Amino acid sequence: MADPNSVLSAESMIDKGENSRMSSFVGAIAISDLVKSTLGPKGMDKILQSMSNPDSMNITNDGATILSSIHIDNPAAKVLVDMSRSQDDEVGDGTTSVVVLAGELLREAEQLIHQRVHPMTICDGWRLAVAAARKALEDSAVDHGSDLEAFRGDLLNIARTTLSSKLLNKDKDRFANLAVDAVLRLGGSTDLNLIQVIKVPGGSLEQSFLDEGFLADLKIGVGQPKRLENAKIMVANTPMDTDKVKIYGSRVKVDSMDAVAEIEEAEKQKMKAKVDKILKSGCNVFINRQLVYDWPASLFAEAGVMCIEHADFDGVERLSTVTGAELTSTFENPEAIQLGHADLIEETMIGEKRFIKFSGVQSGKACTVVLRGASTHVLDEAERSLHDALAVLSQTVKESRVTLGGGCAEMLMAKAVDEITPTISGKKALAVEAFAKALRTLPATIADNGGYDSADLVSQLRVAHHDGQSTMGLNMTEGTIGDVRELGIFESFKAKEHVLLAAAEASEALLRVDSTIRAAPRQRQGY
Amino acid sequence: MSVVFDEFGRPFIVMREQEQRQRLKGLDAQKANILAARTVAGLLRSSLGPKGMDKMMVSPDGDVTITNDGATILNKMEVEHQVARLMVELSQSQDNEIGDGTTGVVVLAGALLEQANRLLDEGIHAVRICEGFEKACEVAVAQLEKISDTVEFSKDNIEPLIRTASTTLSSKIVHRYKAKMAKIAVDAVLSVADLDRKDVNFDLIKMEGKVGGTLEDTELVNGVILDKDWAHPQMPKEVNDAKILLLTCPFEAPKPKTKHKLDIKSADAYRALYEQEQKYYRDMVKMCKDSGANTVFCQWGMEDDSLGVLVQEKLPAVRWVGGVEVELLAMATGARIVPRFEEITPEKLGRAGKVREVQFGTTKERMMYIEDCQNAKTVTVFVRGGNKMVVDEGKRSLHDAMCVTRNLIKDNRIVYGGGSAEVACSLAISDYANTITGIEQYAIRAFADALDDVPMALAENSGLPPITMLSNIKARQVAEENPFIGIDAMGNQEANMKSALVFETLAGKISQIQMANQLAKLILRVDDVLASAGQ
């Protein structure tokens, strides 16, 4: 900055008051507009191309994925991206809605500030509005947690709603069933690691399936049984190439060839002793995280033990959870080692790829979803969509309340906010009104994205809600309004609540800012 | 000018007047310094009070921080000007000393310097101004003590403490949850406080933050939280009645410091060495087990082999625990830190009621909770929030609230906020000024004017007309002889700060006035600035 009176370092910048606020609004609204068109069942996708590697690209309409892959310089925009990411981490879905809502709130705030309403007054008003909206949302939520049959129906509906906005839309019934089955198997646990998703290019999305057992993308050693019933599994993390002496500073230094041969023999003996110990445990399947060299592998083959090498860190952890085996590294007391169990281990082919299938495993929670699809891009997007659905479902299992989608919940909240407006005196009322307006832009955006007349539909919705038809929402297949409860468009209460609170919190934080201080960018070395 | 002549008329150079060296002297120097200090104060002015605005800071790496905590703002601003940097330090020392009022102290110092600037224009010498300020400051402190009130509280009656903490929190972004946050802060401080000795050891309170959840999920944990997980996925996730061993040596074969080579000459030697190595691992774990420990926290790594032995021996362990955390664990559980396996004895073990691993959200994030420790006085405040900024701001706000609570425990005298204390002091100083003859009278009056700046800034930030408000308050304080009338920043129609329950600690307020006064004097006394050329 050229200001000679500046007390800051040369390249730092201070934006104050209007300027600071404007740059926040512009940044946040730009981000929200960017992802706006992906909202809802008729939302469009984006192509993301990486700057460093132009060949790799992604096609997605997942808000969190889009936002985390773009490079952003505007601090306010960063706040929104952060928020979307935490929405993804916490509930897994609603990553686009939260950004759009925050953007709309700030757009309304900009208008209000032009009308000379102080930002703090706006925040006060919003707080009242959030409280009212949250209450309305809670009142409208339905809890079927105790009734398993109905709860499963709810879950299916939620999964269908989530998936309908994604690539998997065409086969949403299939995938919804798949996701619900997978999550229900977890039995209340939110550990999504137990659900393995394998992507195999080729075939079509319809050929995707859920496998009861556990599929591992691994190879069985040469000359070993390819099919094993009643498997006793040992999962290990131990070097099976050469067992190096780990005492510091040791090295082999000999003066004759014989001695070398002798030591080599000793090494082999050591490995043999290790294999013997492993065999003594009574296992007939040995899975190692690290490499297994030919020599021990052939020893295993001789003993008729199936040996699987090179399962990575995640792989061994998952396998040990699934089969109930202990992850071992020492074999001094082979009898004490807890072995895992599977009724059947066999090699199967999916498409062109070989997999090892573990069926009838101890932990009934695990399962594998195999995705098939035309290209890796399709598969990647399918995986993301499925992950969203799984995440939302697993959170819904924990917090079993559900609410209505299709813009219905938003209209409901907007109505509740509208209702408290006349009771508020002062400029706060303007902010409360603006909040309701921002809430109503969500259904409007969904309608717009479907190519329908949003102004008309939203006003119809408004009338319907005013008349007490509190289950009316958008029917996006027909372009009319309809009873979303009958249409089966459900959403998780937790996700919706999080959208409301996170968006309000972030936009309030941005609104309270009256100066932006930018430190000089760190000088990069080596250019 | 820096050339002088000796008695023989030969010139010699006292100070080399270099081209690059910048020099400011006399009134120019004073004016420039005052301007810089006021620039900083001006930046913070809008953050004062419950309706103060936040600042958004972008770090050199592009990370964003949003806060209205004065000390944090100044810290992240990368101030370069030398005098402005003094202001930053001022705010920092208020933060270290009191932990609250970091914005107020800077605003007050700025106001003092602004008044001094006016006096300098009128031709009053800087030293005389300083003398006047000093006298005024004494009067202000005396007045504060006079109008101070005491807060009675005890272990069973913590309501007053919570009230003070929530006053502090009301100016922060966390204020939506201020009731809960205030309770957490007070509980945390009380659980480590020694009420008889009036001492609070902040080392016993740890702040942990994790992104995710909302601020509502913030909790006070009676023990220690570590951002770690069990070294092996199959160790039991929960240990009850834990006997904890703290190790600062790795589970690896010994590594002599001396550089050496161990030559393996024969197959026998090779086998012997292997045996030896395996024995190390077994012995190490055996020594831990023999002491009776059932949980091990190790500062260093663990070899895969020893990890296997640990799992088999059912001895859950955590590896790569940071040095600070090891010390904290030692304090909390009463364990002694053991640097060598040979020195493990049962007496060195610490105890905790429960050690467990907790998983969050849909990600793989895990944390260790060590609860109900032997030394029950260690607590951890675990802050959750929608994103990193909120978590950081939550931590800072809680820290402020805890500092205030600690100050109350140390000294339970308070003054009322909302600018009422400043106005009361200003009135007392004005009265005092009339009794002083000489130039100092002007400086003393200027001090009173500077104090008025605080309520004015408060009013401004709350959207009230500052001058009208100030004159109203002054008039009412005099007419009603009530020093508790202040700015009604929250719009509650309650100007009496005593009944509005807005208060601050006496120690904090005195330190604010004294420190601001000292800094103003320091800056005023500088009449020559020599800046070395920058690189």
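This is a predicted model: local features need pLDDT of at least 70, side-chain atom pairs count only at pLDDT 80 or more; totals for chains, interfaces and linings use all residues.
Visitor: What makes up the secondary structure of chain A?

Guide: Chain A has 16 helices and 20 strands. Both are DSSP runs numbered from the N terminus: helices are H or I with at least four residues, and strands are E with at least two. Along the principal axes, the C-alpha atoms of chain A fill a box of roughly 95 × 70 × 40 Å.

Visitor: How many of the residues in chain A are buried, and what does buried mean?

Guide: Of the 527 residues in chain A, 55% are buried. Buried means under 20% relative accessible area, exposed means over 50%, and partly exposed lies in between (1.4 Å probe, protein chains only).

Visitor: Why is the contact between Lys135(A) and Asp139(A) called a salt bridge?

Guide: A salt bridge needs a side-chain nitrogen of Lys or Arg within 4 Å of a carboxyl oxygen of Asp or Glu. The closest N and O atoms of Lys135(A) and Asp139(A) are 3.2 Å apart, so the pair qualifies. These two residues sit 4 residues apart in helix H5 (residues 119-140) of chain A, which means about one helical turn separates them. Lys135(A) is exposed because its relative accessible area is 51%, and Asp139(A) is exposed at 58%.

Visitor: What makes Lys415(A) and Glu419(A) a salt bridge?

Guide: Their N to O distance is 3.9 Å, so it falls within the 4 Å limit. Lys415(A) and Glu419(A) are also 4 residues apart, in helix H12 (residues 408-420) of chain A, about one helical turn. Lys415(A), with 27% relative accessible area, is partly exposed.

Visitor: Which parts of chain B does the salt bridge of Lys498(B) and Asp149(B) tie together?

Guide: Lys498(B) and Asp149(B) form a salt bridge, with 3.3 Å between the closest N and O atoms. Lys498(B) lies in the loop between helix H14 (466-480) and S21 of chain B, and Asp149(B) in strand S6 of chain B, so the pair ties together parts 349 residues apart in sequence. Over all chains, the structure holds 46 salt bridges.

Visitor: How do you know that S6(B) pairs with S20(B)?

Guide: Two strands pair if DSSP finds at least two bridges between them. S6(B) and strand S20 (residues 413-416) of chain B are joined by 2 bridges and run antiparallel, so they pass. Within this pairing, Thr150(B) has Arg413(B) as its bridge partner. The open antiparallel sheet has 3 strands in the order S6-S20-S21 (chain B).

Visitor: Why are S6 and S21 of chain B called edge strands?

Guide: Strand S6 (149-150) and strand S21 (503-505) of chain B each pair on one side only.

Visitor: Which strands of chain A pair with S8(A), and in what sense?

Guide: Strand S8 (residues 227-236) of chain A runs antiparallel to strand S13 (residues 340-350), with 6 bridges. S8(A) also pairs in the parallel sense with strand S10 (residues 285-288) over 4 bridges, and with strand S12 (residues 327-328) over 2 bridges, again parallel. Ile233(A) has Gly340(A) as its bridge partner in S13(A) and Val285(A) in S10(A).

Note on methods. Residues are numbered from 1 along each chain as its sequence is written. Chains are lettered from A and ligands numbered from 1 in the order in which they are written. Side-chain values use heavy atoms; hydrogens and water are left out.
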